[in-house]
Amino acid sequence: MNLDYTPAQQALRKEVRSWLAANVPARPLQSFDTAEGFQQHRDWEARLNAGRWGMVTWPEAFGGRGCDLIEWLIFEEEYYRAGAPLRVNQNGIFLLGPTLMEHGSAAQQARFLPKMATGEEVWAQGWSEPGAGSDMAAIRCRAQRQGDVYVINGQKTWSTRAVWADWCFGLFRSDPQSQRHRGLSFILLPLDSPGITVRPIPQLDHLPGFAEIFFDDVSVPVDNLLGEEGQGWAVAMATAGFERGLMLRSPARFQETARRLVQLYRDNQPAVDRDPALHDAVLRAWQDAESYCLATYRTACRINRGGAIGPESSTNKIFWSELDQRMHATAMSILGARAELLPHAPDAAGLGRWLEGWLFSQAGTIYAGSNEIQRNIIAERMLGMPR
């Protein structure tokens, strides 16, 4: 793998850095788990799209720049270095968008991708159900076809961004006689449809980052089926590959956390050095963030040459989620009692971001498929071990 950037890649980095310097909000946006913050982040998505930075890997016809994955990684590095806002529509632009380009019809792409890119339509996930969390093959939420509509009944839970989102994508059992991964269909549906009830689920910080969605005789046009009826599992696995492998969590996110952790260590070095284990933990965090970056560049190079993301996406998911937890746990140890300060506390002085990050990192080993399930996938599909 050649680690030297081409002149074109260097020019892209310079252009990204210049645009972000001129456009990133001077003050941090409110949390997108609040109504006000959600709208602020939606407006930020529109600004990104106006500069054609909303999703750089998308084709130009849909508002992108047609960048390859190496160029996307460069963009992400500059994005996090600039302290730009987190992406409220990540379910759409990073997960559903690529899936639509791979499995959607031309009409579906034209209908959904432009509004996804501008933030006009923000997407939620409809994966997990009570009794079907990481094991999506246990899904029971039904989609019964009646003429040119599906009638949906059942429940989804832990639906990210569903409280204020406009649309939801998910798997539904369209063949009532089917079992496990057979007979599932991938369907797109507006969350303001009659018969849908969205119930917020408070997080550890009491903000509603997730929700339950209840479906009571909800009618959805058959045109909203993505892929073939009953073949939704294959479509969902493409989405899961993007989620676990590359698109949802770029290395830049963790490299930026590692940089902040090193600075936190330096700011508190006399006290921290009393515990050599903390010095080693900071060093390991930096090394692991860099290792994940190099591994991702290698995967991106392979995909650029025509390869694909396989079951090794599960190893990526385990690595970045557990790295995130270790880095924030190390920060909590460095801060001591100050780690309990919330971001708005008078004496927090910016340290409250570490508590927010630590709280969110606890979910990382669960969402996108729990790490226990990912280890089963590695054992069976990569190592060939029996179930």
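## Salt bridges and helix packing

R13, R17, E77, E78 and R81 are linked in a network of salt bridges. The model is predicted. A search of the whole structure finds 17 salt bridges. Side chains of opposite charge can pair when their charged atoms come close.

| Salt bridge | N to O distance |
|---|---|
| R65 and E15 | 3.4 Å |
| R161 and D33 | 2.8 Å |
| E129 and K156 | 2.9 Å |

**Pair by pair**

Take R65 and E15. Their side chains meet in a salt bridge, 3.4 Å from N to O. The pair links distant parts of the chain, 50 residues apart. R65 sits in the loop between α2 (35-50) and α3 (69-81). E15 belongs to helix α1 (residues 7-23). Is R65 buried or exposed? R65 has 18% relative accessibility, so it counts as buried. The cut-off for buried is under 20%. E15 is partly exposed, with a relative accessible area of 38%.

Next come R161 and D33, whose side chains meet at 2.8 Å, N to O. R161 lies in the loop between β3 (149-156) and β4 (167-173). D33 lies in the loop between α1 and α2. The pair therefore ties together parts that are 128 residues apart in sequence. R161 is buried, and so is D33.

E129 is in the loop between β1 (123-126) and β2 (142-146), and K156 is in strand β3. Parts that are 27 residues apart in sequence are therefore tied together by this pair. Both E129 and K156 are buried.

**Helix α7 and its two partners**

Which helices pack with α7? One is α3, and another is α9.

Start with α3. The angle between α3 and α7 is about 35°, and their axes are 8 Å apart. The crossing is right-handed. On the α3 side, the contact residues are L73, E76, E77, Y80 and R81. On the α7 side, they are P251, A252, R253, Q255, E256 and R259. How do the residues of this contact divide? Four are nonpolar, one is polar and six are charged. E77 and R81 of this contact also belong to the salt-bridge network with R13, R17 and E78.

Now α9. Helix α7 (residues 251-267) and helix α9 (residues 276-304) pack at about 160°, with axes 9 Å apart. Angles over 145 degrees count as roughly antiparallel. α7 and α9 are therefore roughly antiparallel to each other. Their crossing is left-handed. From α7, the contact uses P251, F254, Q255, A258, R259, L261, V262 and Y265. From α9, it uses H279, V282, A285, W286, A289, E290, Y292, C293 and T296. This contact of α7 with α9 holds 12 nonpolar, three polar and two charged residues.

**P190 in strand β5**

P190 is found in strand β5 (residues 184-190). Its relative accessibility is 18%, so P190 counts as buried. What does P190 touch beyond its sequence neighbours up to four places away? The contacts are D166, W167, I196 and N224. D166 is 24 residues from P190 along the chain, yet their C-alpha atoms are separated by 6.0 Å.

Key:
Residues numbered from 1 in each chain as written. Predicted model: local features only at pLDDT ≥ 70, side-chain atom pairs only at ≥ 80, totals over all residues. Heavy atoms only, no water. Axes fitted to C-alpha atoms, helices over the stretch in contact; angles between N-to-C directions. Helix = DSSP H or I, 4+ residues; strand = E, 2+ residues; numbered from the N terminus. Parallel < 35°, antiparallel > 145°, perpendicular 65-115°, else oblique. Left-handed = near helix turned anticlockwise from the far one by under 90°. Contact = heavy atoms within 4.5 Å. Nonpolar A, V, L, I, M, F, W, Y, C, P; charged D, E, K, R; others polar. Salt bridge = Lys/Arg side-chain N within 4 Å of Asp/Glu carboxyl O. Buried < 20%, exposed > 50% of the residue type's maximum accessible area, 1.4 Å probe, protein only.
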